[in-house]
Amino acid sequence: MNMILYVLIMIMITSMPGLRSFRVKQHFILVLLITFSCLILCGCRAVTVPYKVVKGTVKGTYYVVKGSYNLTAGTTKIIYSIGAFTFTAVKAPLDWVLVNEDIDSIDGLPPKEAIRRGRVKNAPYTVKGRKYYPMSVEQAGSYEETGVASWYGYETVRQKGGRMTANGEVFNPQWLSAAHKYLPLPTHVKVTNLENNRSIIVRVNDRGPFPSDRNPSSVERIIDVSSGAAKKLGFYKKGLAKVKVETIELREES
């Protein structure tokens, strides 16, 4: 490439009457060669060098967790905090009824058996004959979606006995929890009500929302938050809200 440029420049030089001195010609040629070489190299870099995103640089922030946030083997209750939000997770007795009784199977097993074996995190599951395939933990790490949110759970207060979520935790409508069709259980997400700009963090530990006999279009909603979370987000009375849901990166307090 440089040789071609050199030939072209020499032709230009010999045709320029203003440059009579050989020394002047030499300097002029050198400057032009350096200039053209820089332009070519810079242009090549701009086109051919790929832009590489380093893990963790897209969102740029993470949330510090104070306390353990996983119900490991042998633990029945944990309490932890993420920023200004406090969470409680309790293992429910296996004889409790699921909040969503329409779940037919999880990972090809009866729901209670799958919960007992710990095979619910991102296992496929069936609701009224329809199969759902949750995303992997890696896919969930970059999840972000805008859509309609609803709330659920207050009706369970009037029902007899306790209720359990799809991953076997106690369901309390006042806790900051949520149901999602595709995120691994549990996952923590930031939910922002785009109508009033209020944001909270919730623990996704249940499955839903699904179409109901009274409202088949409810399947189009992207998340069901607890009634307590809906109050904090400011749409409890309205029932629905346009929200942005995004997973957050957690780091345990050192």
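Val191 stands opposite Val245 in β14. The model is predicted: local features need pLDDT of at least 70, side-chain atom pairs count only at pLDDT 80 or more, and totals for chains, interfaces and linings use all residues. Residues are numbered from 1 along each chain as its sequence is written, and side-chain values use heavy atoms, with hydrogens and water left out.

Strands here are DSSP runs of E with at least two residues; helices are H or I runs of at least four, and both are numbered from the N terminus. β11 and β14 (residues 240-247) pair in the antiparallel sense over five bridges. Two strands count as paired if DSSP finds at least two bridges between them. β11 also runs antiparallel to β12, and seven bridges join these two. Asn193 has Arg198 in β12 as its bridge partner.

How well is β11 covered? Six of its seven residues are buried. Buried means under 20% relative accessible area, exposed means over 50%, and partly exposed lies in between, with a 1.4 Å probe and protein chains only.

Now look at the nonpolar core. Such a core is a set of buried Ala, Val, Leu, Ile, Met, Phe, Trp, Tyr and Cys residues joined through side-chain atoms within 4.5 Å. The largest one has 51 residues. Those with the most contacts inside it are Val189, Val191, Val202, Ile223, Val243 and Val245. Take Val189. Leaving aside neighbours within four places in sequence, Val189 is in contact (heavy atoms within 4.5 Å) with residues including Ile200, Val202, Ile223 and Val245. Leu183, Glu246 and Thr247 are also among its partners.

Next come the turns in the backbone. The hairpin of β11 and β12 has four residues between the strands, and Asn197 takes a positive phi near 65° there. Asn197 is not a glycine. Is Asn197 buried or exposed? Asn197 is exposed, with a relative accessible area of 63%.

Asp107 also has a positive phi, about 55°, although it is not a glycine. Its place is the loop between β5 (103-106) and α3 (111-117). Asp107 counts as partly exposed, at 28% relative accessibility.

Two cis peptide bonds deserve a look. One joins Leu185 and Pro186, with omega about -5°. Pro186 is found in the loop between β10 (177-179) and β11 (187-193). Another joins Gly208 and Pro209, with omega about -5°. Pro209 lies in the loop between β12 (198-206) and β13 (223-226).

Pro186 leads on to Asn167. Not counting residues up to four places away in sequence, Asn167 touches Ile115, Val120, Leu185, Pro186 and Asn205. Asn167 is found in the loop between β9 (163-164) and β10. At 15% relative accessibility, Asn167 counts as buried. Its side chain makes a polar contact of 2.6 Å with the side chain of Thr165. Another polar contact, of 3.0 Å, joins the side chains of Asn167 and Glu169. A polar contact is a pair of N or O atoms within 3.5 Å; within protein, one must be able to donate a hydrogen and the other to accept it, and residues adjacent in sequence count only if both atoms are side-chain atoms.

End at Gly129. Gly129 is found in the loop between β6 (125-127) and β7 (130-132). Gly129 is exposed, with a relative accessible area of 65%. Gly129 and Asp104 are 25 residues apart in sequence and 7.4 Å apart in space, C-alpha to C-alpha.
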